[in-house]
Amino acid sequence: MSTRSAFLAAGVAIAAAIFLLRPASDLSRDLGEAVADMILVNATIYTADPAMPFAEAMAELKGRHTMELNLSGNVVLPGFIDSHVHFIDGGLQVWLSRMDGHMGIANSLAMRMAGIDKNTNNPVGGTIMRTTEGEPTGLLVDAAMKLVFDVIPEVSIHERRDALLRASRHALMRGVTTVVDVGSYFPGKSEKQVWQDFTDIYEWAHSVETMIMRVCLFFPMPTWSRVYDLIHEKGRMLSQWIHLGGVKAFLDGSLGSSSALFYEHYKDDPRSYGLQLVDMDYLLNTTLELDKSGLQIAIHAIGDKANDMLLDMYEKVVDLNGMKDHRFRIEHAQHLAPGAAKRFGKHGIIASVQPDHILDDANSAGKKIGIERAERSSYSFRSLLDGGAHLAFGSDWPVSDINPLQAIRTAVSRKPVGWEVPWIPAERLSLDDSLKAHTISAAYACFLDHVLGSLSEGKYADFVILPCTSWDEFASDIPDHVLATYVNGKAGLSMIPLGDRLTVL
């Protein structure tokens, strides 16, 4: 694919004057009296903007002097947006026995501290796994984990502040410039930690000017009135770094812990169909109020029955509240019943999906629900797009590593390590579709497409530089790392020898 011979101005600072550069040899003449802080030239720039999909140069206009970066053909992409992370937990590097947050293991001491024994009843929305004699094994599913969470010492504020910086640096190394943080909130866990992280970590980091990447925050649904009051008081954009997204809830659990909700029973446990973690009347009534209040709603659903239940509920909300720009989200949308993909498109529902979960589930899903069911229903990315859904890619870090280039490679190939053929090849995506799902579509999925997601006039100058020196090289062999990540036109990470390429004009 050849690039179009054109120049692109990518927006940056809030009050900056941005110009679309015309093809010309004299950049200073085209800019007129404006001064470019940085000009990238001789690049292969993928903009994610349908008005100009490719460009060869771009300028950031805000400074008093100009630096030119000659990229010798290197590919430039918009900064990646990870649509689903538990960001501070990732920085803490805390891992449960199952890293999806839906199953944990407690040793005998922890169970004694929590008072768990053969007489302890399963809590609502959770399961204590037991031996045939009824003794707890230590495996706790979903809400049952709360029994142990309550006796685990809390991580200090200082440790969590350090975790934010570690998480940010790790994300920038992978080319991620914005994350949607759904918080340290799982079934059975208190909502308190999410709000403490907001006030003690994010607001603190902003006040001392240590934020180095952008975050969009979602809060537990039971605290929605507090979110509404905060947005009413301060607006959605607290700054260019912190955006208040909306609220999140859980309908079911996960495939690995056999708590995702299906129509049919699990192959390895004929008694189990999964878990429904919330009452649907409560969920409908709360979503109606949230939608009327203008809050965005994101709800976790993995099993095919859970996804259908959510689609039914969202349709009721539209019928009762009317058509508007809802941008309802379903987090994971992992297993879909026949016809469900088209239902996403009917109301423009966002499927917030994690391609790298394929790398595990391609080998395990057949064991959990049977090969035929797994291949019929799993990770239906192509069907979702064809049905009109909006795809937003994420990692679910720390469940999977935060690695957009690998996720894009997975979505395009659907080949786990060691596989010679794709898993469900009909659901593969093109490179362009996959890039958009990690950039402009991901920005749309959190109402940030007016400032993020593409290299377009008026938007922030968040971009990554790849080691590939042509589009054909990139398309044929997606690299496993980035050379540099820029946030707001400043290098958050760079392995480019700038002394060799940077020139003050």
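Let's start inside the fold: Ala249 has Ile299, in strand E15, as its bridge partner. This is a predicted model, in which local features need pLDDT of at least 70 and side-chain atom pairs count only at pLDDT 80 or more, while totals for chains, interfaces and linings use all residues. Residues are numbered from 1 along each chain as its sequence is written, and side-chain values use heavy atoms, leaving out hydrogens and water.

**Strand E14 and its neighbours**
- E14 and E15 (residues 296–301) run parallel and are joined by five bridges; strands pair if DSSP finds at least two bridges between them.
- From E14 the chain passes through helix H8 (residues 280–292) to E15 in a right-handed β-α-β crossover (clockwise from the first strand over the helix to the second, with the strands pointing away from the viewer).
- E14 also pairs in the parallel sense with strand E13 (residues 214–220), over six bridges.
- Nine of the nine residues of E14 (242–250) are buried, meaning under 20% relative accessible area with a 1.4 Å probe, protein chains only.

**The largest cavity**
- The largest cavity holds about 90 Å³ of space.
- Its lining has 13 residues, and those nearest the centre are Asp181, Gly183, Val194, Asp197 and Tyr202.
- Helix H6 (192–207) is among the elements that supply at least two lining residues, and H6 gives the most, with four.

Conventions:
Buried < 20%, exposed > 50% of the residue type's maximum accessible area, 1.4 Å probe, protein only. 1 Å grid on protein atoms, 1.4 Å probe; cavity = no way out; pocket = protein on both sides within 12 Å on 5 of 7 lines; lining within 4 Å. Points joined across faces, edges and corners; volume = space filled by probe spheres on them.
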